[in-house]
Amino acid sequence: MCLSENSYFYELYGKEEREQGRMEIIQNLLESGLSAEQVSKLAKVPLNRVQSIKF
């Protein structure tokens with residue numbers, strides 16, 4: 001089954017996959033030595049959310 005970008009399932013699962021990928025990138029940036037403040041600015045994610053990521 002091919003999911004078009006306008007389908008309900010794409011909307012539901014596409015958002016989850018994008019969010020998971022974003023969190024992985026944030027984790028990688030933190031592991032590479034960037035501060036939580038730097039990652040927050042680069043990823044445009046609230047600082048408290050970046051600080052809550054465990055690695």
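Modeller: Happy to! One term to start with: helices here are DSSP runs of H or I with at least four residues, numbered from the N terminus. By that naming, Y13 is found in helix α1. Please keep in mind that this is a predicted model.

Biologist: Good to know. How many helices and strands does the protein have?

Modeller: The protein has three helices and zero strands. Along the sequence the pattern reads α-α-α.

Biologist: And what pLDDT does the protein average?

Modeller: The average is 84, and 84% of the residues score at least 70. Among the elements, helix α2, residues 36–43, has the highest mean pLDDT at 94, while helix α1, residues 8–31, has the lowest at 85.

Biologist: How much accessible surface does the protein have overall?

Modeller: About 4,500 Å², with 54% of that belonging to carbon and sulfur atoms. As for the interior, 22% of the 55 residues count as buried.

Biologist: Let's switch to S40. Where does S40 lie, and is S40 buried or exposed?

Modeller: S40 lies in helix α2. S40 is buried because its relative accessible area is 12%, and the cut-off for buried is under 20%.

Biologist: What does the side chain of S40 reach?

Modeller: The side chain of S40 reaches the backbone nitrogen of L47, at 3.4 Å. Leaving aside neighbours within four places in sequence, S40 is in contact with L47 as well as V45, P46 and V50.

Biologist: Nice. One more: where is R49 placed?

Modeller: R49 sits in helix α3, which covers residues 47–51. R49 is partly exposed, with a relative accessible area of 35%.

Biologist: Which residues does R49 touch, not counting those up to four places away in sequence?

Modeller: R49 touches E19 and M23. There is also a distance to A36: the two C-alpha atoms are 9.4 Å apart in space, and the residues are 13 apart in sequence.

Note on methods: Residues numbered from 1 in each chain as written. Predicted model: local features only at pLDDT ≥ 70, side-chain atom pairs only at ≥ 80, totals over all residues. Heavy atoms only, no water. Helix = DSSP H or I, 4+ residues; strand = E, 2+ residues; numbered from the N terminus. Buried < 20%, exposed > 50% of the residue type's maximum accessible area, 1.4 Å probe, protein only. Contact = heavy atoms within 4.5 Å. pLDDT = per-residue confidence, 0-100. Polar contact = N/O pair within 3.5 Å; in protein donor to acceptor, adjacent residues only side chain to side chain. Areas by Shrake-Rupley, 256 points an atom, 1.4 Å probe, with all protein chains shown as cover.
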